[in-house]
Amino acid sequence: MNTRAGIGYDSHRFVAGRPLHLGGVVIPWTHGLAGHSDGDAILHAVVDALLGAAALGDIGSHFPDTDPQWKGVDSAKLAREAVRMLAERGLAPDHVDVTVILERPRLSSHIPAMREATSKALGLPVEAVSIKAKTNEGMGWIGRGEGLGVFAVATVRGASG
Ligand code: MG
């Protein structure tokens, strides 16, 4: 049995009039995230971290935004699909750690629900999913509220080396 680590990053632009999907939940806010799918940048970064740990490419190669199949898709479905691809290779997610960087809205009260939903999508206990949020201290495109950025690290375990 061995462990591999993967890193993921995602960013999405805020747009008015779309529900804000983040970490598998909908957060009440004036803006949502642009994107072909539901725009859930946390789940996208997590999927990239999982795929990276398994050296299976990236989210864009498996779920291309040119494919109508993934239009408006619930990103939890992409997460479940990534876990299935890992399982085909004898691998399973072990732990995920996420940092979201955004100016607004404040996410602290939503973190427990996001951890719960994300852990569910990955088939992990909630204790194995960490989600943290911080601002960019008003600097740059994140500071201006144009969008948000997400970093994720995942560990994956398996017998297949
Ligand atoms: Mg994305």
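Which residues is Thr-118 in contact with, leaving aside its neighbours within four places in sequence? In this predicted model, the contacts of Thr-118 are Gly-23, Leu-43, Val-129 and Ile-131. Thr-118 itself sits in helix α4, which spans residues 111-122. Thr-118 counts as buried because its relative accessibility is 0%, and the cut-off for buried is under 20%.

The sheet comes next. Five strands form an open sheet, in the order β4-β1-β7-β5-β6. The pairing is mixed. Two strands lie at the edges, β4 (31-33) and β6 (129-134), and each of them pairs on one side only. On average, neighbouring strands of this sheet are turned by 25° against each other, direction ignored. Strands of a sheet pair through backbone hydrogen bonds, either parallel or antiparallel.

Strand β7 has partners in both β1 and β5. β1 and β7 run antiparallel and are joined by 12 bridges. On the β5 side, 10 bridges join residues 91-101 of β5 to residues 147-158 of β7. These two strands are antiparallel as well. Thr-99 stands opposite Phe-151 in β7. Asp-97 stands opposite Val-153, again in β7. β7 is mostly covered, with 9 of its 12 residues buried.

Helices pack against these strands. Helix α1 (residues 41-53) packs on the sheet and touches β1 (2-16), β4, β5, β6 and β7. The direction of α1 makes about 155° with that of β1. Helix α3 (residues 75-88) lies across β5 and β7. Its course runs at about 145° to β5.

Ala-49 gives a local view of helix α1, where this residue is found. Not counting residues up to four places away in sequence, Ala-49 touches Gly-6, Ile-7 and Gly-8, as well as Ala-152, Val-153 and Ala-154. Ala-49 is buried, since its relative accessible area is 0%. Ala-49 and Asp-97 are 48 residues apart in sequence. In space, their C-alpha atoms are 9.7 Å apart.

The largest pocket holds about 240 Å³ of space. Its lining has 14 residues, and the closest to the pocket centre are His-36, Ser-37, His-44, Phe-63 and Asp-65. By class, the lining has 6 nonpolar, 6 polar and 2 charged residues.

Some backbone details remain. Most residues other than glycine have a negative phi, and most peptide bonds are trans. The peptide bond from Arg-104 to Pro-105 is cis, with omega near -5°. Pro-105 has its place in the loop between β5 and α4. Ala-55 has a positive phi, near 55°. This residue lies in the loop between α1 and α2. Ala-55 counts as exposed because its relative accessibility is 66%, and the cut-off for exposed is over 50%. Glu-137 also has a positive phi, near 55°. Glu-137 is found in the loop between β6 and α5 (140-143). With a relative accessible area of 67%, Glu-137 is exposed.

Conventions
Residues are numbered from 1 along each chain as its sequence is written. This is a predicted model: local features need pLDDT of at least 70, side-chain atom pairs count only at pLDDT 80 or more; totals for chains, interfaces and linings use all residues. Side-chain values use heavy atoms; hydrogens and water are left out. Two strands pair if DSSP finds at least two bridges between them. Helices (H or I, at least four residues) and strands (E, at least two) are DSSP runs, numbered from the N terminus. Axes are lines fitted to C-alpha atoms, for helices over the stretch in contact, and angles run from 0 to 180 degrees between N-to-C directions. Contact means heavy atoms within 4.5 Å. On a 1 Å grid over the protein atoms alone, a cavity is a set of points where a 1.4 Å probe fits but cannot get out, and a pocket is an open set with protein on both sides within 12 Å along at least five of seven lines; lining residues have an atom within 4 Å of a point. Grid points are joined across faces, edges and corners, and a volume is the space filled by probe spheres set on the points. Ala, Val, Leu, Ile, Met, Phe, Trp, Tyr, Cys and Pro count as nonpolar, Asp, Glu, Lys and Arg as charged, and the others, Gly among them, as polar. Buried means under 20% relative accessible area, exposed over 50%, partly exposed in between (1.4 Å probe, protein chains only).
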